[in-house]
Amino acid sequence: MSESRQLFGPGGSRLGVMELDFERCYRAVDSRDQRFDGWFYTCVRTTGIYCRPSCPAVTPKRENVEFRPSAAAAQRAGFRACRRCRPDAAPGSPEWDVRADVVGRAMRLIGDGVVDREGVPGLASRLGYTERHLHRMLTAELGAGPLALARAQRAQTARILIETTDLGLAEIAFAAGFGSVRQFNDTILQVYARPPGGLRESRPRAAALAEEAGTISLRLAYRAPLHAPALLEFLAARALPGVEQVVGDAYRRGLHLPHGSGTVTLRPGPRWVAAALRLADVRDLAPAVARCRRLFDLDADPIAVDATLGEDPALRGLVEAEPGVRVPRAVDGFEMAVRAVVGQQVSVAGARTTLSRLIKVAGSPFGPSPSPTEPGTLTGFPDAAAVAALPDDAFRMPAARRATIRSLAEAVADGKLDLDPGTDRDETMARLQELPGIGAWTAGYIAMRAIGDPDVFLPTDLAVRRGAKTLGLPDTPAALERHAERWRPWRSYALIRLWRGYPQQTVVHNHAPAPDRNRAR
């Protein structure tokens, strides 16, 4: 196979071209390098099986191997998933996770289940392209069109439900997004070389015995290293009562999903994050998994990120002491946008108090999430329509900030502002800053945590400047911004590192005392 794609290569310190050629791929397979899982897939002609590069099986002979850029492309070519390494459950390619172009946006939307809910016309409409042109772009990059990519995801969702629940196979077929039981049976047989009933019979005994009725337990793989304490500390400091909590080594929260509510418990481990999901509607499994992966930044390439940041002597010590620090992101773009506005020029603790009052008044449109495995009722954050409908006295905040939140909620509720993972970043940043009271800091924070931009930097942020000063970096915004150019395209990760080390209950994450440029009056 000879193909060239623009990638953030594993271990690469800069954005560059990784040639997906035979020799480089075969070397990765021969060394069972886990860093390449999700970047490409190994297809063995003699067995008809495709694997991830790190598969522990005996390395196949060169003459029997070809490589494909996606699991969907491998399936389309007639290969079935390896039962040993489960390539369909490999971490997603970090390229699609961070790219802001049409293909990257399409992959995030497909992962969130848009094709299952709205079909290919809905996906194309969101991206602003014709179905034909979108199919052409995805096929050129990934070897498969949107239907094939969505089909591969449905197959994985179905396998998880077959192996971790006692739902009937017909229920699973429709819950996973298949149009008919026959289509479900044919796809599972083609992808896994056995019928759905065969997968259920061979499932591990531990999986068959759920910890609690209605719980779906699965493992979310990631690329090591993962600095779990940094993630949990960041989220714990900002946890909103009734919405989320950190208990020991576990993070729990309520979810708003396309078909109802849910609750998830995430526990980071050495090779994967253990997830326990309870869903009001099992059709929400794929979007729930996508949002959990997004929240913990599990599709990042920490080797590439740390290599770039470690080139700067000022950050090298931080990188070596805490490898694998991720950017805590979001399960709900609107929720993160409201958090950003409320957090303007106030402490983390103060913002949490204000948000807790807002949640109590607005409530959840879905009500409490399904009963979690641990005590305590959790709900998702109120949706945009609920917040837009609140009376003025419900906000308990300055009039200018209240006007900003109301304008934000109305824009999202009316469809004028898209904060989904597949949104156009530049367009969204521009529309955010058209709203009263939202300037560069707030828009940047939303882009980093809600939209997943890996290259946001906030040089006017007070905590960032303090962190920079302790490291001997320039602490004036202009000079700091110039210095940060060397951290591209991973400035969001540098930002998180500069924030670490300060008391999270008192730090003010905004520039002070000057307000955002468009602050409402």
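Mentor: A cavity here is a set of grid points where a 1.4 Å probe fits but cannot get out. Rolling a probe the size of a water molecule over the atoms shows where empty space is left. The model is a predicted one, and it holds four cavities of 30 Å³ or more.

Helix 16 gives the most, with three residues. Sorted by class, the lining has eight charged residues, seven nonpolar ones and no polar ones.

Now the packing. The largest nonpolar core has 69 residues, and the members that touch the most others are Val338, Leu408, Trp487 and Trp499. Helix 21 (residues 440-451) supplies the largest share of this core, eight residues. Once neighbours within four places in sequence are left aside, Val338 is in contact with Leu355, Leu358, Phe381, Ile405 and Leu408. There is also a second, separate core of 48 residues, with Ala81, Leu218, Leu231 and Val331 among them.

The backbone has a few points to check by eye. Most residues other than glycine have a negative phi, and most peptide bonds are trans. Two peptide bonds to proline can be looked at here. The bond from Ala224 to Pro225 is cis, with omega near 0 degrees, and Pro225 sits in the loop between strand 7 (215-221) and helix 12 (228-237). Arg488 and Pro489 are likewise joined by a cis peptide bond, with omega about 0 degrees; Pro489 is placed in the loop between helix 23 (477-484) and helix 24 (491-499).

Positive phi values come next. Arg32, in the loop between helix 1 (22-30) and strand 3 (41-44), has a phi near 50 degrees. Arg32 counts as partly exposed because its relative accessibility is 33%. Asp297 has a positive phi of about 55 degrees although it is not a glycine, and its place is in the loop between helix 13 (285-295) and helix 14 (302-310). With a relative accessibility of 1%, Asp297 therefore counts as buried.

Conventions
Residues are numbered from 1 along each chain as its sequence is written. This is a predicted model: local features need pLDDT of at least 70, side-chain atom pairs count only at pLDDT 80 or more; totals for chains, interfaces and linings use all residues. Side-chain values use heavy atoms; hydrogens and water are left out. Helices (H or I, at least four residues) and strands (E, at least two) are DSSP runs, numbered from the N terminus. Buried means under 20% relative accessible area, exposed over 50%, partly exposed in between (1.4 Å probe, protein chains only). A nonpolar core is a set of buried Ala, Val, Leu, Ile, Met, Phe, Trp, Tyr and Cys residues joined through side-chain atoms within 4.5 Å. Contact means heavy atoms within 4.5 Å. On a 1 Å grid over the protein atoms alone, a cavity is a set of points where a 1.4 Å probe fits but cannot get out, and a pocket is an open set with protein on both sides within 12 Å along at least five of seven lines; lining residues have an atom within 4 Å of a point. Grid points are joined across faces, edges and corners, and a volume is the space filled by probe spheres set on the points. Ala, Val, Leu, Ile, Met, Phe, Trp, Tyr, Cys and Pro count as nonpolar, Asp, Glu, Lys and Arg as charged, and the others, Gly among them, as polar.
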